[in-house]
Each structure stands twice: as structure tokens, then as C-alpha cells.
Amino acid sequence: MAMTTYGRSFYSALIVGKETAPVDLYLALCNAMPTDASTGATISEGPATRPLVSGGVQSALWGVPVDGVSTYGGTLTITATENDNWGTIVGYALCDTAAAGTGNVLFYGSVPSFTVNAALMYLDIQGIQVAVV
């Protein structure tokens, strides 16, 4: 898990009181691995709507950081319709907006690749981690 250039600038500004913490975070499932320079508009995503990571950064579902890493204890369920074909998912991004193609990427990481199509109708995701590096 890594923090984007935007994420580092945002959280630096947050520490010195120049920003407020985002209320909500949303999970983007990515067809190509995001980078430090990724934005919500530049990542290649599967679903058109990003699921809400319940409670955003202030949720009690986030664990106490250990060595700079905090793990989300909730479960995100993403439901596909029989016509959805999101392709192969290889990474994820935590964004500040729900709609695909918008907003900012704060954190990103890789996942073991998997394909979402009509054969896989829903996906439960657990253990999302964020790290300040």
C-alpha cells in the first residue's frame, strides 16, 4: 500500500491545519496498477460506482496503526449485474469521491489479479490497509 503524491500533500496539509479530514473514502477496483501520480480521472477502473469504505478515515473499523499501517476491519460488498464485465482487477485505490473517473486518489495498492464478469456476481473485500510512508 502506498500514498499518492496528492495524498502526501493532502495529509501534510491536514497535520498543519490547512485541510480537513475527508468524511468518506471510496474503493476503486483498478484494471491497471495506480501510481504515485494517479488521480480519480487517470485510473482505469472496473465498476462505475465506488463502494463506500464505511465511516471514512474516522471510522472505528480502522485498526490502531502498527508500524505505520492501519487495517480496515469492515467488509465491502460489491455487486455486479449479469451484464457487467469489469475485466481483470490488479489493484485498488482509495478515493475521495464515489463516481468512477472523478476525485483524488489518496492511497493505492496491488491485489492478486482476478476477473469480474457475469460468472462472479458479488465480491466481498476485507483487510484494506493504509500506510503513511
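Is Cys95 buried or exposed, and what is its relative accessible area? Cys95 is buried, with a relative accessible area of 0%, where buried means under 20% relative accessible area, exposed means over 50%, and partly exposed lies in between (1.4 Å probe, protein chains only).

The views below show a predicted model, in which local features need pLDDT of at least 70 and side-chain atom pairs count only at pLDDT 80 or more, whereas totals for chains, interfaces and linings use all residues. Residues are numbered from 1 along each chain as its sequence is written, and side-chain values use heavy atoms, with hydrogens and water left out.

**View A. The cysteines Cys30 and Cys95, whose sulfur atoms are 6.9 Å apart.** For Cys95, the closest cysteine sulfur is that of Cys30, and the 6.9 Å between them is too far for a bond. Cys30 is buried, with a relative accessible area of 0%. The count of disulfides (pairs of cysteine sulfur atoms within 2.5 Å) comes to zero.

**View B. The salt bridge between Asp36 and Arg8.** A salt bridge is taken here as a side-chain nitrogen of Lys or Arg within 4 Å of a carboxyl oxygen of Asp or Glu, and by this rule the count comes to two. In the pair shown, the N to O distance is 3.8 Å. The pair links distant parts of the chain, 28 residues apart, with Asp36 in the loop between β2 (25-30) and β3 (52-53) and Arg8 in helix α1 (residues 5-15); helices (H or I, at least four residues) and strands (E, at least two) are DSSP runs, numbered from the N terminus. Asp36 is partly exposed at 32% relative accessibility, and Arg8 is likewise partly exposed, at 30%.

**View C. The salt bridge between Glu45 and Arg50.** The closest N and O atoms of this pair lie 2.8 Å apart. Glu45 is buried, with a relative accessible area of 14%, and Arg50 counts as buried at 3% relative accessibility.

**View D. The aromatic cluster of Tyr6, Phe10, Tyr11 and Phe107, linked by ring pairs.** Rings of Phe, Tyr and Trp (its six-membered ring) pair if their centres lie within 6.5 Å, and planes under 30 degrees apart count as stacked, over 60 as edge-to-face and the rest as tilted. A search of the whole structure finds three aromatic pairs. One of them, Tyr6 with Phe10, is stacked, at 5.9 Å centre to centre and 25 degrees between the planes. Tyr6 and Phe10 are separated by about one helical turn, because they stand four residues apart in helix α1. Phe10 also pairs with Tyr11, the ring centres being 5.1 Å apart and the planes at 85 degrees, so this pair is edge-to-face.
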